[in-house]
Amino acid sequence: MQRLRIKNVLSEGHAGQPVTVCGWVRTKRESKGIAFIALSDGSTQDTLQLVVSETSPAFQILARCNTGAAIKAAGSLKESPAQGQKFEIEVSEIEIFGDADPASYPLQKKGHTLEFLREIGHLRPRTNTFGAIFRVRNILAEAVHEFFQGRGFIWVHTPVITASDCEGAGDMFTVTSLPLESLPRAAGGVVDFSQDFFGKHAYLTVSGQLEAEFLAMSLGDVYTFGPTFRAENSNTSRHLSEFWMIEPEMAFADLKDDMLLAEDFFRFLCRRALEKGESEIAFLEKFYKNTSVAGLKDLAEKSFVHITYTDAVRELEKSGEKFEFPVKWGLDLQSEHERYLTDKVFKGTVIVTDYPKEIKAFYMKMNDDGRTVAAMDVLVPKIGEIIGGSQREERVDVLTERMSKSGIPVENMQWYLDLRRFGSAPHAGFGLGFERLVQYITGMQNIRDVIPCPRAPREIKF
Ligand code: 4AD
Ligand code: MG
């Protein structure tokens with residue numbers, strides 16, 4: 001179709017050049033003998049102004065150029081006399097691909113609430129807000145690969161369908177082809193998964209970590225970047241049932257190496273978002289006020305504060321703050337506690353380490369005190385936990401004991417123990433929740449607004 005993207009027209013065009021652009025009409029304004037159309041094609045935050053004068057044959061078709069219509073416009077590029085835009089097109093020809101009836105097209109010129117836009121998830125990417133969010137999401141995804149590839153990490157593809165529960169928390173969706181109306185039963189009435197498609201109980205993965213571990217224990221430094229699933233009944237602004245996670249795993253590394261990597265990675269992502277998405281972030285700052293270019297610059301420069309779980313609990317206890325959930329050594333930190341640490345105490349990003357073993361997963365390395373594990377959570381202002389990671393337990397006897405005590409079926413996990421039987425080595429990794437990152441950068445309050453098709457309890461569209 002020989003069309004130019006609006007992004008390229010605005011950045012590389014030159015006056016006098018003939019151009020053809022395609023897009024969706026945002027607005028149309030007519031005044032004596034001349035009409036102005038703002039056209040968007042999704043490639044950039046900016047619209048391109050089309051100028052149609054009554055001498056142009058395109059003037060005849062203006063009545064159909066309503067908000068939402070898909071059109072092609074050809075003409076000549078001109079330097080724009082209007083403020084805030086470098087170029088406009090003096091249009092000689094317009095073709096309509098698809099009309100949009102003004103009486104029923106849901107996206108009109110006025111601003112819509114995010115709640116309303118969630119109801120029309122298939123049309124919301126056409127708004128400035130969601131265009132900005134999804135372009136920032138793309139910038140961050142590209143930056144993830146740039147960061148790890150630049151450091152020689154190997155991208156590995158771990159499975160979506162799995163037979164293991166990585167977090168041992170039981171929040172898994174079953175994958176089955178058994179007839180739901182007449183499930184085969186084994187002794188005791190339990191479902192007989194030996195008759196299922198895979199011959200055993202299969203699930204959607206909650207994390208690629210366990211598989212990433214065997215790849216790290218052969219390839220060295222690896223990372224995953226893929227969808228993960230949690231059947232946790234959490235209806236919050238930070239939880240999804242389907243979310244993307246980035247999980248690096250490093251052989252010959254301890255918790256210190258893991259924390260350094262997490263900090264470098266996170267600050268790199270903030271910098272790239274600013275370098276490549278500043279106009280998007282500035283737009284979101286202007287309209288929603290929960291992110292800021294200056295604030296992100298500041299955080300991208302600032303080192304993380306390090307604190308142990310034990311000291312963090314002490315800090316919270318002495319704060320005198322009235323929390324909804326209790327604070328006590330041995331209890332998990334709730335998001336209100338995490339945000340108190342980041343927003344009130346340290347005013348920045350905080351890494352909390354060495355949590356009590358009872359509240360963390362079975363694979364984390366036991367510290368010498370016998371009470372805590374070599375775990376780390378990275379907490380960011382306003383959101384709380386964005387990264388969770390640990391050094392892994394590499395001693396086969398300690399790991400076996402922890403697995404049995406945590407109710408992990410040791411007999412099914414012999415392959416995992418093999419990594420500790422044959423050439424075991426210290427290794428460590430973490431998981432960054434991709435949507436929480438996009439939330440943090442864009443300042444969106446609800447995680448449902450940073451993924452095209454959010455899945456949450458009782459919520460699945462399309
Ligand atoms: O802390 P989590 O559960 O850690 C793991 O899954 C480890 N296996 C990671 C590893 O060490 N390789 O999850 C990691 C991150 C969290 O810090 C959070 O950012 C995100 O994943 N996350 C979620 N994001 C959206 N919705 C949910 N329901 C999430 N659960 C976790
Ligand atoms: Mg966690």
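Q: Where is Asp449 found, and why is Asp449 called buried?
A: Asp449 sits in the segment after helix H11 (434-442). Helices (H or I, at least four residues) and strands (E, at least two) are DSSP runs numbered from the N terminus. Buried means under 20% relative accessible area, exposed over 50%, and partly exposed in between (1.4 Å probe, protein chains only). Asp449 has a relative accessibility of 1%, so Asp449 counts as buried.

Q: What kind of model is this?
A: This is a predicted model: local features need pLDDT of at least 70, side-chain atom pairs count only at pLDDT 80 or more, and totals for chains, interfaces and linings use all residues. Residues are numbered from 1 along each chain as its sequence is written, chains are lettered from A and ligands numbered from 1 in the order in which they are written, and side-chain values use heavy atoms, with hydrogens and water left out.

Q: Which residues is Asp449 in contact with, leaving aside neighbours within four places in sequence?
A: Contact means heavy atoms within 4.5 Å. On that basis Asp449 touches Leu114, Arg118, Arg124, Phe130, Ile133 and Met444.

Q: What makes the Asp449 and Arg124 side chains a polar contact?
A: The cut-off is a pair of N or O atoms within 3.5 Å; within protein, one must be able to donate a hydrogen and the other to accept it, and residues adjacent in sequence count only if both atoms are side-chain atoms. The Asp449 and Arg124 side chains make their polar contact at 3.2 Å.

Q: Why is Lys365 called buried?
A: The relative accessible area of Lys365 is 16%, so Lys365 is buried. The residue lies in the loop between strand S13 (350-356) and strand S14 (372-380).

Q: What does the side chain of Lys365 make a polar contact with?
A: The partner is the side chain of Glu394, at 3.1 Å. Beyond four places in sequence, Lys365 has several contacts, among them Thr372, Val373, Gln391 and Arg395.

Q: How do you know that Cys65 is too far from the closest cysteine sulfur for a bond?
A: A disulfide is a pair of cysteine sulfur atoms within 2.5 Å. The closest cysteine sulfur to that of Cys65 belongs to Cys22 and is 13 Å away, so the pair is too far apart for a bond. A search of the whole structure finds zero disulfides.

Q: Are Cys22 and Cys65 buried or exposed?
A: Cys22 is buried, at 9% relative accessibility. Cys65 is buried too, with a relative accessible area of 0%.

Q: What makes the phi of Lys347 worth a remark?
A: Most residues other than glycine have a negative phi. Phi of Lys347 is near 50°, a positive value in a residue other than glycine. Lys347 lies in the loop between helix H8 (335-345) and S13. At 54% relative accessibility, Lys347 counts as exposed.

Q: Where does Asp354 lie, and what is its phi?
A: Asp354 lies in strand S13. Its phi is near 55°, a positive value in a residue other than glycine.

Q: Why is Asp354 called partly exposed?
A: Asp354 has 21% relative accessibility, so Asp354 counts as partly exposed.

Q: Why is Gly42 called partly exposed?
A: Gly42 has a relative accessible area of 41%, so Gly42 is partly exposed. This glycine is in the loop between strand S2 (34-40) and strand S3 (48-53).

Q: Which residues come nearest to ligand 1?
A: Glu167, Gln209, Glu247, Glu385 and Ile386 come nearest, out of 25 residues around ligand 1. A residue is near a molecule or strand if one of its heavy atoms lies within 4 Å of it.

Q: Which strand gives the most to the shell around ligand 1?
A: S15 does, with five residues. Strand S11 (242-251), strand S15 (384-391) and strand S16 (427-433) each supply at least two.

Q: Which polar atom of Tyr363 lies 3.4 Å from a nitrogen atom of ligand 1?
A: A polar side-chain atom of Tyr363 does. An oxygen atom of ligand 1 is 3.5 Å from a polar backbone atom of Ile387.
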